[in-house]
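Please work through the exercises below with the sequence and the 3D view side by side, trying each task before reading its solution.

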Amino acid sequence: MKPQIFNYNEKEKKFILEQIENYINSNNPNNKSKFSKFIKFIQKNNNKFNLVIDGANIGFFNQGKNSGKVLNLHQIIDFINICIAQKYKPLLILHIKYTKQKPEFIDTIKKICLVYFT
């Protein structure tokens, strides 16, 4: 199965980014600096990825009673490898709390793709 491709023109991209920024800033003023850091990361690494992966959704998918509780890092790595085999350059978005779960897996993930920890 191929990931769905979204193509937006510059006007649409700007509108989406503004909507995200407004939402983030309205919920918590402290998020403004975090969002700014994320935007800088994206701008710096813009040509290093062409696919964005939500690590939690992949890691919790189909985990039965553990869904939402235990992140399956093997599943994330397998999914990243499938994407790479299909010539994608993934950016994995993953909450920082999962780096404590099994640091050796995080090191493996960082070797195979670009990662941004929230």
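The exercises that follow go from the whole chain to a single pair of side chains.

This is a predicted model, in which local features need pLDDT of at least 70 and side-chain atom pairs count only at pLDDT 80 or more, while totals for chains, interfaces and linings use all residues. Residues are numbered from 1 along each chain as its sequence is written, and side-chain values use heavy atoms, with hydrogens and water left out.

**Exercise 1.** Find how many helices and strands the protein chain has, and in what order they run.

Solution. Helices (H or I, at least four residues) and strands (E, at least two) are taken as DSSP runs, numbered from the N terminus. Counting these runs in the protein chain gives 5 helices and 3 strands. Read from the N terminus, their order is α-α-β-α-α-β-α-β.

**Exercise 2.** Locate the salt bridge of the structure and describe its two residues.

Solution. The term requires a side-chain nitrogen of Lys or Arg within 4 Å of a carboxyl oxygen of Asp or Glu, and a search of the whole structure finds 1 such salt bridge. Its partners are Glu-10 and Lys-13, whose closest N and O atoms are 3.4 Å apart.

Finally, consider accessibility, where buried means under 20% relative accessible area, exposed over 50% and partly exposed in between (1.4 Å probe, protein chains only). Glu-10 counts as exposed because its relative accessibility is 60%, whereas Lys-13, at 41%, counts as partly exposed.
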